[in-house]
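Q: I am new to this structure and would like a close look at a single part of it. Please take me through that part slowly, in one connected answer.

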Amino acid sequence: MNEIRRGSSSFGDSLNVAGQNESSRLFGHKGAAFLAGNCGSAAAKNSLTEEGRVTRWLAACQELTPAVCVHSKTLCERSIGKKSAALNFSLARPKVKIPAVIIQPAERIRGTIKLSGDKSISHRAAIVGALAEGVSRLQNYSTSVDCEATLSCLQKLAVGVERSGKDVLVHGVGLDGLQAPAAALDCANSGTTMRLLAGVLAGQNFTSIITGDESLRARPMQRIVEPLSMMGAGVTSQNGRAPLVIEGRKPLNAIKYELLIASAQVKSCILLAGLHAEGTTEIIEKEPTRDHTERMLSWFGVSIETRAGEREGSRSATVHRPAQIRARDVSIPGDISSAAYFIAAAALLPESSLEVRDVGMNPTRTQFVKQLQSFGLDVSVNDIAEESNELTGVVRVSGRKKQTSTEAAPVLINGKLIPQLIDELPLLAVVGSQLTGGLEIRDAAELRLKESDRIAATVQNLRKMGADVEEFDDGLRVAGRARLHGAKIDPQGDHRIAMAFAIAGLLAAGETETEDAGCVAVSFPEFFDLLKSVTEG
């Protein structure tokens, strides 16, 4: 009989969780301590001249509970008025043992689901709400650990935050109301938190430090250091990585900046910094990326313009320094990137029937649905509506009854499609293992710079499950339809790898065990519970 087990407890259906004890239960927890590792050192140049503040920074890691502060080097030249100072600390977090998840093959997916608020929109609603005058109610705020990190950082900047279930009240302090934090701001595993807050902090009249867990500190931050420095902020990194020391400047210089890589986070960082700049700040992107920041700023009354660029396919966004941002209530749609796992499973398993209600249908985020439709899978979008400047809809899925395609050549996903599918590419590789001609992903080298090297992790785990996969510097090729078999999956601490291969496990013969399953809480703490609720087999 298929079942779920958590320690000694048993539950029905086709997932099986093996753990050490109930204290490390995965299901139903948000904000659980799944983040481990050591924070690196930070170096502050130029204006760390307030001795008391430097002392508080040195104690920063004591604020990041639970943590132990280890001083590896004393402050040098820290007397008032000197040009440079060095701040070094490391942060040791206790590791929490999280159960593995064992998934049995499923027969079908059936049911109706509503998802927690879109992670990208939740981050932006909280940050823009904090800069507004008045109180904003954010309905259906994401339950992810990433979005909790954003709220925590805002609180340390003197923003009032109240949470009741999935609703959050943000007591905005206005563009000039943030206060210097007494400790480093811990972004945990959230690159969105770090990059967007860096734009906000660049326009303040104080200096701050932002850091995160081991995974986040390995991710590239030079891409925001450069434009913020051009705007007049002092930003010091560790060889282009966090921790970042941000010496704010008010006002900043307005700039016209062309993105070197397609990144909604970098674009958003500059737009938020532009709120504190004299004049007009313009960002040009060669390839369109998700536009949640532009929509959110407009919803809160900010004067922002978007238009097609001079080159075909390019686009620009222009922000003018506003006199005031007005507080607004925000209704946050369900997360389409989280829905993607359920949609893919239902589309691939015969006799499935799934409805996903009130899910985000932002045009920059729906390419995954279009891609499945192009494979011949039965996925439709209905009941489109608009709330809080974002589109929502209902996605209905019926399981396939025959092979999706007779094409011998692999489906190619590359170029301008990549930024619109960046979160779903590992899942698409799993789907590709069920296509007759297979699937090829190129121009996706950015995947190597995520929470894990997602190209390597996807290739490694697909091979474990019996798929024929070729790895490239910028992508991979899945060669034709594979009969997947159960395997032990190593998600390398990456929530999207863990969830993608949970879906692969439903399609495979035999048990699939995912280690370190708790990493899904970064974006989707309810994932396994919700998957259990709609899985039959």
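Is Phe527 buried or exposed, and why does it count as such? Please also describe the surroundings of Phe527.

A: This is a predicted model, and everything below should be read with that in mind. Phe527 has 0% relative accessibility, so it counts as buried, the cut-off for that being under 20%. The largest nonpolar core has 78 residues, and Phe527 is among those with the most contacts inside it, together with Phe342 and Leu425. Helix H9, which spans residues 336-348, gives the most to this core, with 11 residues. In general, nonpolar side chains in soluble globular proteins tend to be buried together.

Leaving aside residues up to four places away in sequence, Phe527 touches Tyr341, Phe342, Met499, Ala502 and Ile503.

Across the whole structure, a search finds 5 aromatic pairs. In one of them, the rings of Phe342 and Phe524 have centres 6.0 Å apart and planes at 55°, so this pair is tilted. Phe342 lies in helix H9, whereas Phe524 lies in the loop between strand S31 (512-514) and helix H15 (527-534), so the pair ties together parts that are 182 residues apart in sequence. The rings of Phe342 and Phe527, by comparison, have their centres 5.8 Å apart and their planes at 65°, so that pair is edge-to-face. It links helix H9, which holds Phe342, to helix H15, which holds Phe527, across 185 residues. Finally, Phe527 belongs to one aromatic cluster with Tyr341, Phe342, Phe524 and Phe528.

Key
Residues numbered from 1 in each chain as written. Predicted model: local features only at pLDDT ≥ 70, side-chain atom pairs only at ≥ 80, totals over all residues. Heavy atoms only, no water. Core = buried A, V, L, I, M, F, W, Y, C linked by side-chain atoms within 4.5 Å. Buried < 20%, exposed > 50% of the residue type's maximum accessible area, 1.4 Å probe, protein only. Helix = DSSP H or I, 4+ residues; strand = E, 2+ residues; numbered from the N terminus. Contact = heavy atoms within 4.5 Å. Phe/Tyr/Trp six-rings, centres within 6.5 Å; stacked < 30°, edge-to-face > 60°.
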